[in-house]
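Trainee: Could you walk me through this one? I'd like to start with the overall picture and then look at how two of the pieces pack.

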Amino acid sequence: MTTSTGLEIGQIPLVAERGRGAPSQSRTRRLTTIWSYVLMVVLGVMFMFPWFWTLMTSFKRPAELFVYPPPLFPEVFQFSNYRQVFEMVPFGRWYVNSVVVVVLATSGVIISATMVGYAFARFNWHGRDVLFAITLATMMLPAEVTLIPQYLLFKQLGWLNTIRPLWVPAWFGGGAFSIFLLRQFFAQIPDELYEAALIDGAGHLRFLTRIVAPLSKAPLMSVV
């Protein structure tokens, strides 16, 4: 038996049941979203607490550091602690050194690793695969093995007590891992792109800077 709308009478309860299920699903999604935000807030507070504790501790008097249980907030905020730090040690110079080392070392790794990785990926020269295998093999050497030879080398160069050992080596290859990461990505770029660029009069350097580098933002940012 059918109604005027063409639906069988046995189907009417099913339609009603489906209509009642929609608000339940919407309520479940809202609850899931609320609990997700609550969880993220709780985790955010947990992860930010050590930073907040360190900040509050920097304003305490030395005697308050040994109180048990340790207070969260200082009795009196000692803003002079920061002034004393800069008076006792050359903190400003340390910050400048850090910025200089980061900028020079990162630039060296990006530029040199990009060029070396491109040479391994695009140029077909004798001994390329052997040299690439040797480069990868250096990743298995622990830092303790090369520590003393590097120190003796820097001593012979007169680089002790300078920041040059921290950034100059970055300009000579950029590290085996960076070379490997970029080389693997460069090798996936189709040869047709280079052939099209070659027809337009572009050389390897222009192809690298204008086409390969913009396409390699993800691996380049990983290296940075």
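Trainee: What share of the contacts between residues at least 6 apart in sequence join residues at least 24 apart?
Mentor: Keep in mind that this is a predicted model. Take the contacts in the protein chain between residues at least 6 apart in sequence, then pick those joining residues at least 24 apart. That share is 55%.

Trainee: And how many helices and strands are there?
Mentor: Reading along the sequence, you get α-α-α-α-α-α-α-α-α-α. So by the DSSP runs, the count is 10 helices and 0 strands.

Trainee: What percentage of the residues is buried?
Mentor: The protein chain has 224 residues, and it exposes about 16800 Å², with carbon and sulfur atoms supplying 69% of that area. Buried here means under 20% relative accessible area. On that cut-off, the buried share is 21%.

Trainee: Now α4 and α7: is their packing parallel, antiparallel, perpendicular or oblique?
Mentor: Helix α4 covers residues 128-137 and helix α7 covers residues 176-186. Their axes sit 8 Å apart, at an angle of about 130°. That angle falls between the perpendicular range, 65 to 115, and the antiparallel one, over 145. So α4 is, relative to α7, oblique.

Trainee: Which hand does the crossing of α4 and α7 have?
Mentor: For the hand, look at how α4 passes α7. The crossing is left-handed.

Trainee: How do the residues of that α4 and α7 contact divide by type?
Mentor: From α4 come Phe132, Thr135 and Leu136. From α7 come Ala176, Ile179, Phe180, Arg183 and Gln184. Sorted by type, they give 5 nonpolar, 2 polar and 1 charged.

Methods
Residues are numbered from 1 along each chain as its sequence is written. This is a predicted model: local features need pLDDT of at least 70, side-chain atom pairs count only at pLDDT 80 or more; totals for chains, interfaces and linings use all residues. Side-chain values use heavy atoms; hydrogens and water are left out. Helices (H or I, at least four residues) and strands (E, at least two) are DSSP runs, numbered from the N terminus. Buried means under 20% relative accessible area, exposed over 50%, partly exposed in between (1.4 Å probe, protein chains only). Contact means heavy atoms within 4.5 Å. Accessible areas come from the Shrake-Rupley method with a 1.4 Å probe; for residues, only the protein chains shown count as cover. Axes are lines fitted to C-alpha atoms, for helices over the stretch in contact, and angles run from 0 to 180 degrees between N-to-C directions. Angles under 35 degrees count as roughly parallel, over 145 as roughly antiparallel, 65 to 115 as roughly perpendicular and the rest as oblique. A crossing is left-handed if the near helix is turned anticlockwise from the far one by less than a right angle, and right-handed if clockwise. Ala, Val, Leu, Ile, Met, Phe, Trp, Tyr, Cys and Pro count as nonpolar, Asp, Glu, Lys and Arg as charged, and the others, Gly among them, as polar.
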